[in-house]
Structures are given as C-alpha cells and as structure tokens.
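Morning, everyone. Have a look at the screen.

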Amino acid sequence: SWPDIDVMKLLGETGSTPVHLRPVRVCDIMEEMGYHATSRFEVLQEVFASAHLDEVTPQCIAECLGMMARTLSGLSDQVPLQSLSSASNSLWETERAQEMQTIAPTWNADVFAKTVKFLAPQLNWSEVVQALDCPGFCVKDPDGLNVIMKVYKRATDVPFPVKFLYTLWTNTEGQLSWIKMALSGGSSFEFTDYPYQAAHLDPLNPQGLNLTRPVWTSLDLLRILVQLSDAGHYDAVTALLNYPIKNVPDVLFLGLLQVKTSWVALRTDLVLLLLPTIISSHSHRIAILQFAWTATGSQAGSARSLILQGMCDWYLKGEAFDQSRLARILEISHELQALTVLLNGTQFAFTIDLAVLASRRDYLKLDKWLTEKIRDHQETFVSACAVYLKRRLQPANGADKPGLPQETVGAMLSCLQLYSGPINTEATGILQQLFATYALVIPKPQVLMPPAAGMETTGGG
C-alpha cells in the first residue's frame, strides 16, 4: 500500500493559522508525490486544487520549474494525495490507486504546460522567468535547463525574455548555473537564438573569421559574466571563459574592451592575460591595438592604461633585455603614436631600454630624454641608469663585446656625469667605474666628474 503524504511536514507544524487553512506550495506537493504528479492532466489539476490557491501566480510556477529542474531523477517514493483532498470523488480513491504502480521516469513537461495553460490562461510567462530569481533555484545539468525551456515553449508563444538573464539576479549562484548549463553545449537553450549586441570585430577582418561559437561575440553575455565575477564568482566565471581564452583570445579581447561595465578585477586581469598573445603573435595586432587605443568614451583611458601596462609587463616577464620583445613593443607604440606616453612610465628598467632602442631607430634624441628624466626623477632615475648600464655592459655568454654601442654608452654617461645631487653608495661605485672605463667615448667637451666631488652618497642602496 502507498503511504499518505505528511501534511504537517508540507504545511509546517508551527504558527497560529490552523493547518487546514494554511497554504501549501504546489512544488512541495509535487515533489512529495513524485513524477506521478505530472503523469496526467487530471492528476496535476488535483494537485493544484489541493493547494487551495487563490490564483496561480508566476512565483508558484517558477518554484515548480525550479523544483522540476533539480529533481529530474531520484524521486522513487511516490505517495497519493488522499490526505490533502476531502472530496468524495478524489482521483485517489481506491479504484485509482492501481495506476500509480506504473512509476513515471521523470517529470512530464507537456502535461505541466497544458495544465498551467488551462488553469491560468492569462499567466505572464515573462514574469515567471523573472521569478526564477528566487532562493534555492539552481540548474544542475543541461536536462534541467531543457525541462524549463520545454515547459516555456509549450505554454506560450511569447519569445523567451532573455533580457532577464542579462540583468544581475539576487540569486547570483542560480543565475550563473543557468548560464553555465547554456554554455555547456548539452542544452536546447542557445544565447545566440535570441537578440544580443555583438562586438565589433572589424580589426580581425571578420569576413574571414570562422567562429564555431559565435556566442563569445555577445557583449551582453560578457557584461553579465563580468558582473557575476564581481559578485563573488570570480573563479567560476574564469573557468567558463577558458574556451574563448584558448580558442578565440582576439574575439574575447575586443569584447572585453567594448563591454559597458566597470573595470572590475576579472575584466582587468583578462585584458592583461590576453595582451601578450595579441602583441607577440597575432597577425592583426596593430589593427586590434589601434582599435583599442583610439576608442572613445568614458572607458578609453582605462583601456590605454592597460595596453601600456601590458606591454611593459610582457617585456619585464621575458628574458632580461629581450631585444625582440622590445622591438615588437617599439613597433606597436610607434604605430599607435604612444611612444611618448609609454616612455613617461616609471618602470625604468623598461623605459630606459626602450628609449635606447628608440634612439637607435631615430625616434627620439637620447640625451634630451635622459636630461628630462634626470631632472624629473633625480636620484631614482640616475640609480636606475647606473644599474642598467652595468647589466647591459656585462659580456654576454663570455663574449668580449658589450651589449650596447659605444656611442650609446657615451651619450648616457655624458648626461649622468652632470648630475650633482645625492646618490646611493652602490650607484656611486658603478658610475665611478663606468666613467673611468669609458672615458674615451664620452662626448667632448664634457669634463669627467671627479670621482667623489660630484656625488654625495646617501648610504647603501
């Protein structure tokens, strides 16, 4: 025999309202009964009747959809509705109990949609979707998403209101679970089946692009993912973006630059992560970075700063004084007309080497640039120049030839010897040795600075 549903469990055992007058959620009755609740239209009608609802609301249906999505399997203990119905002609009279011996394998979306349409023909299904943003909603697998979409499509001809998925929910975990299942490839829901704002991909020559996953051109999707990352789901969102990071980094890069949202941690981190790929190996790198550099609007400044930071980081993370990387950065910064801005940075290990290479390409006058930097940054810059010269002039792999042309060394020392401010002991020692070693290449009529007179030491550095 089938056990009766525990009414007190469903309705709650506390409270001042008598149990027989207290409302019960339809989703709880369905879950307690199991899949037989949606086996037939008449059965599900009785389920709704037993809840004594004044009306079938969007919240009620959203709760049912959420319950169905997370319980597609595993509800084997189905029980009759006898204790929740006092009608003498209840569907659960003895002669009907036998049909429950045939246990349905899962929820019947068609029966659910038909019943809801009959009971609430004026139900606003857009409000149902909006009501999915409720505590406990979570899509655990693609089939869960499929049952929600099947009910929606059977119940209404109104296009699915995808805009609610692009608006940050209160239940951000539930929202992210929907997006994750939609992107898994195993569900019937595709973001690209609905209107979305696509990123401009002109720098990539889009006619020649063969995108197997055009969803990653959606600025709406990128925006909500960035917002979700800032709502406590950084790692989960990063994992979702592994595919575009590895397969379409240029598309993702351009999308992140165009999306209209704040420069939160994930957005910044991804741009800096993708920049080395764009700089080092992309055939359209100049077009891509020109697009980013010339962007207008309130976010243009942030994009420029990240590009400058990304080029500097890429150089500093490579081998020391990697001239191939430096040449690539010089090429890009020259095309972007960004060389002056880049050389205004304070990562002197980078900017000094870049200025030296730029002077050899006749993009700037090294002595003038050095003089200005010494004036602006004084001891800090002079010390950085001393360390730079020491490292660059050390023989490479045992070779006798220094790593810099003598005219470059002479030009740098000529400017440095004019500095008369305080300087740390280490830099003083380096410069004194360099002045002595390269005395013959320092341009005339400069007079060598006396070993100690022009350098007031400030202690060890």
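How far is the sulfur of Cys27 from the closest cysteine sulfur? The distance is 5.4 Å, to Cys64, and that is too far for a bond. A disulfide here is a pair of cysteine sulfur atoms within 2.5 Å. Cys64 is in no disulfide either; its nearest cysteine sulfur, in Cys60, lies 4.6 Å away. The count for the structure is zero disulfides.

Now burial. Buried means under 20% relative accessible area, exposed means over 50%, and partly exposed is in between, with a 1.4 Å probe on protein chains only. Cys27 is buried at 4%. Cys64 is buried at 0%.

Some ground rules. This is a predicted model: local features need pLDDT of at least 70, side-chain atom pairs count only at pLDDT 80 or more, and totals for chains, interfaces and linings use all residues. Residues are numbered from 1 along each chain as its sequence is written, and side-chain values use heavy atoms, leaving out hydrogens and water.

Next, helix α14, residues 285-293. Helices are DSSP runs of H or I, at least four residues, numbered from the N terminus. Buried in α14 are Arg285, Ile288, Leu289, Ala292 and Trp293. They sit on the same side of α14, because they cover an arc of only 130° around the axis. That arc is taken over directions from the helix axis to the C-beta atoms. These buried residues pack against α12, α13, α15 and α16.

Last, confidence. pLDDT is the predictor's confidence in each residue, from 0 to 100. The chain's mean is 87, and 83% of its residues reach 70 or more. Residues 445-454 fall below 50.

Definitions and conventions. Helices (H or I, at least four residues) and strands (E, at least two) are DSSP runs, numbered from the N terminus. Contact means heavy atoms within 4.5 Å.
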